[in-house]
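Please walk through the fold of this protein with the sequence and the model side by side.

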Amino acid sequence: MMGRWLAALPLVALAACQPPAAEDYLERGKVTEALPQASAPLPSPDTTGAVWAPSDIDERLLYGVPGETPLLAFQCERGGAIARLAFTRFAPADREAQAMMAVVGNFHALRLPVDSTYNGRAWLWQGSVEADHPDLEAMTGQKEFEATIPGAGSVELKPSPLVRSLVNACRATPEDEEPDEDAEPAR
């Protein structure tokens, strides 16, 4: 009988032990420095009366309610080997945040990385995609489409021939463009 007791003694001693990982675990897990927090999500904007309109800048369209701050800007950027279409979502963004903007419509879905960019007054969402990206067709069809950034809401966008024209013009290379009939011939 004594042999059994002696054999069980290590188990009893082990059960009485409190492992170091369980001691003062609450105090060890406390964070003493403030960690950055994401802003509260914004509601989706009301797009009643919103329209596409040309900007004062060439090859740039604005979408929004006339007389109010635009909801979205869409611009062709040339200069690299391939032209790009740049997007600006006029919604406050957290400093140096990153997200994916989903543009869904017309049987296409475009997923576009966007970064918060400081424009001198505020942090806004901006991103770009190559003009020849096939999923830009989400914007060029005859049906409404939607642009969503997590935390910045969804913008419902109406179809427009202005959007189709901008995408097609941005995709065109100089060889694709027709010569100006009024221009003098090269000598």
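In this predicted model, 9 strands make up an open sheet with antiparallel pairing, in the order S1-S2-S3-S4-S7-S6-S5-S8-S9. The edges are held by strand S1 (51–54) and strand S9 (153–157); each has a single partner strand, so one side of each has no neighbour in the sheet. From one strand to the next, the twist averages 25 degrees.

The protein chain has 4 helices and 9 strands, and along the sequence they follow the pattern α-α-β-β-β-β-β-β-β-α-β-β-α. Among contacts in the protein chain with a separation of 6 or more, 53% are between residues 24 or more positions apart.

Strand S4 (residues 84–92) runs antiparallel to strand S7 (residues 123–130), and 7 bridges join the two. Within this pairing, Thr-88 is opposite Gln-126 in S7. S7 also pairs with strand S6 (residues 108–118), again in the antiparallel sense, over 4 bridges. Here Ser-116 has Trp-125 in S7 as its bridge partner. S6 and S7 form a hairpin with 4 residues between them, and Gly-120 in the turn has a positive phi of about 100 degrees.

Further along the sheet, strand S5 (residues 98–105) and strand S8 (residues 145–149) run antiparallel and are joined by 4 bridges. Gly-105 is placed opposite Phe-145 in S8. Helix H4 (residues 161–171) packs on the sheet, where H4 touches S1, strand S2 (60–64), strand S3 (72–77) and S4. The direction of H4 makes about 25 degrees with that of S3.

The next topic is the interior. Of the 187 residues of the protein chain, 29% count as buried. The largest nonpolar core has 36 residues, and Trp-52, Phe-74, Leu-85 and Met-139 are those with the most contacts inside it. H4 supplies the largest share of this core, 4 residues. Leu-85 illustrates how the parts meet: leaving out residues up to four places away in sequence, Leu-85 touches Phe-74, Gln-75, Cys-76, Gly-127, Ser-128, Val-129, Ala-131, Leu-136, Leu-166, Val-167 and Cys-170.

Two of the residues touched by Leu-85, Cys-76 and Cys-170, are joined to each other by a disulfide, with an S to S distance of 2.1 Å. A search of the whole structure finds 1 disulfide. The link of Cys-76 and Cys-170 is right-handed, with 80 degrees about the S-S bond. The pair connects distant parts of the chain, as Cys-76 is in strand S3 and Cys-170 is in helix H4, 94 residues apart. Cys-76 counts as buried because its relative accessibility is 6%, and Cys-170 counts as buried because its relative accessibility is 1%. The cut-off for buried is under 20% relative accessible area.

The loops are the last stop. What lies in the loop between S1 and S2? Ser-55 is one of the residues there, and with a relative accessible area of 18% Ser-55 is buried. The side chain of Ser-55 reaches the backbone nitrogen of Ile-57 at 3.1 Å. Apart from neighbours within four places in sequence, Ser-55 is in contact with Arg-60 and Leu-62. Glu-59 lies in the loop between S1 and S2 and has a phi near 55 degrees, a positive value in a residue other than glycine. Glu-59 counts as partly exposed, at 30% relative accessibility.

Phe-107, in the loop between S5 and S6, has a positive phi of about 65 degrees although it is not a glycine. Is Phe-107 buried or exposed? With a relative accessible area of 81%, Phe-107 is exposed. Glu-68 lies in the loop between S2 and S3 and counts as exposed at 56% relative accessibility. Glu-68 and Ala-50 are 18 residues apart in sequence, while the distance between them in space is 9.6 Å, C-alpha to C-alpha.

How values were computed. Residues are numbered from 1 along each chain as its sequence is written. This is a predicted model: local features need pLDDT of at least 70, side-chain atom pairs count only at pLDDT 80 or more; totals for chains, interfaces and linings use all residues. Side-chain values use heavy atoms; hydrogens and water are left out. Two strands pair if DSSP finds at least two bridges between them. Axes are lines fitted to C-alpha atoms, for helices over the stretch in contact, and angles run from 0 to 180 degrees between N-to-C directions. Contact means heavy atoms within 4.5 Å. A nonpolar core is a set of buried Ala, Val, Leu, Ile, Met, Phe, Trp, Tyr and Cys residues joined through side-chain atoms within 4.5 Å. Buried means under 20% relative accessible area, exposed over 50%, partly exposed in between (1.4 Å probe, protein chains only). A disulfide is a pair of cysteine sulfur atoms within 2.5 Å. A polar contact is a pair of N or O atoms within 3.5 Å; within protein, one must be able to donate a hydrogen and the other to accept it, and residues adjacent in sequence count only if both atoms are side-chain atoms.
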